[in-house]
Amino acid sequence: MTSVSQTFAPQQQSPRSVYIHVPFCRHRCGYCNFSVVADRDYLIQRFLRAIETEIQWLDRRYEIETLFLGGGTPSHLPSADFERLFEIVRSRFDFTTDAEITVECNPSDITQERVALFDRLGVNRISLGVQSLNHSKLQRLERDHTAETVAEAVEQIRRRIDNVSMDLIFAAPDETLEDWRADLDAALSLGPNHLSTYELTFEKGTQFWNRLSKGDLRQSDEDLCAAMYEYTLDRTADVGLSQYEVSSFSPIEFRCRHNLRYWSGDPYFAFGPGASRFVDRMRETNHGSTMYYLKQMEFNQSPVADSEKLDPRSSAAERLAIGLRQNDGVEKAQFLNRTGFTVNDLLGEFRTTMLENRLATDDGGVLRLTRGGMMICDRVSVEILDRL
């Protein structure tokens, strides 16, 4: 007898989301492992030409519902260059009337004039790279702003744009639980519509990794990290920022629609150095070196460094692993309809293991992680993908 998965051919959607990686920064922070170039603004014009070329390679115009400018520091671009970037985007993409348009910003870049430019171009969501409001922690993280800078930035933004998200880092070197509680409370006092919190990780190749290897920095232990995360879950709920993904908190109306597309396994375009796209089950990642990316584009050559065509089962497993990061969990009938595979088939005995260890619940219709499962969400995702 032929199985559903053998006969099912899921319809390939056209991407409705675009990510553009802007690699420029004033300074590279010691923990950063993103595709970034610091103090090299003379490359901006070459970057804009490269982005224009890459976008023009598309076969036609597309209508999109979300645009996310990340980095790097998109707000570091001079106003004229920022406006030019939007012209390039609009040369190939049409925005829906309710499109979500996000720009990542350094608090130090926010001025009345800059916010007015964002507003005029249609930006309706600002993601502030706050990371902390604690003076000594900001210094340890090598950030260039202060708590006062952040408060002023939020005030300036809110005069024209009412959707403000903040990124925070916890488990910084020498940070205590009491430090994190005060830091989180300070951020929440500014009333963000959305909050993303990330445990500091030490990535190979970064300055922090090198300092950790030499003993100059200490990594927080797992129990402390867990306590910080649990406090985050409780405190954000107290102020009406409901967790909807392992690191993301907001009321329903302010959930990041762009990121929800990632977590739902939907296709998306991406452009720029280090950018990763997912189209027609093909995952492609551009080379992370900005100089290599620029040279490839100038010679009209592909900047792709890695690519993988996911078979239907691999695509379904990835969708399941990413989907479980969301508090809403994975709706099993919808999952089968979209992928041709059942959740139980993909998980096998691991589903029983998750239920027995209270890492997940399954009411027959929805599989979702418990708080304990969310605490080790990355491990759960790895186990699901390793089963392939």
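Three strands make up an open sheet in the order β12-β13-β14, with antiparallel pairing. β12 (276-279) and β14 (304-309) are at the edges with a single partner strand each, so one side of each has no neighbour in the sheet. This is a predicted model, in which local features need pLDDT of at least 70 and side-chain atom pairs count only at pLDDT 80 or more, while totals for chains, interfaces and linings use all residues. Residues are numbered from 1 along each chain as its sequence is written, and side-chain values use heavy atoms, with hydrogens and water left out.

**The sheet**
- Strands are DSSP runs (E, at least two residues), as helices are (H or I, at least four), and both are numbered from the N terminus.
- Two strands count as paired if DSSP finds at least two bridges between them.
- Strand β13 (residues 282-286) is joined to β14 by five bridges, and the two run antiparallel.
- Thr285 has Asp306 in β14 as its bridge partner.

**The helix pair**
- The axes of helix α2 (residues 44-56) and helix α11 (residues 290-298) come within 9 Å and cross at roughly 55 degrees.
- That angle makes α2 oblique to α11, given that angles under 35 degrees count as roughly parallel, over 145 as roughly antiparallel, 65 to 115 as roughly perpendicular and the rest as oblique.
- Axes are lines fitted to C-alpha atoms, for helices over the stretch in contact, and angles run from 0 to 180 degrees between N-to-C directions.
- Contact means heavy atoms within 4.5 Å, and the residues making it include Phe47 and Ile51 of α2 and Leu294 and Met297 of α11.
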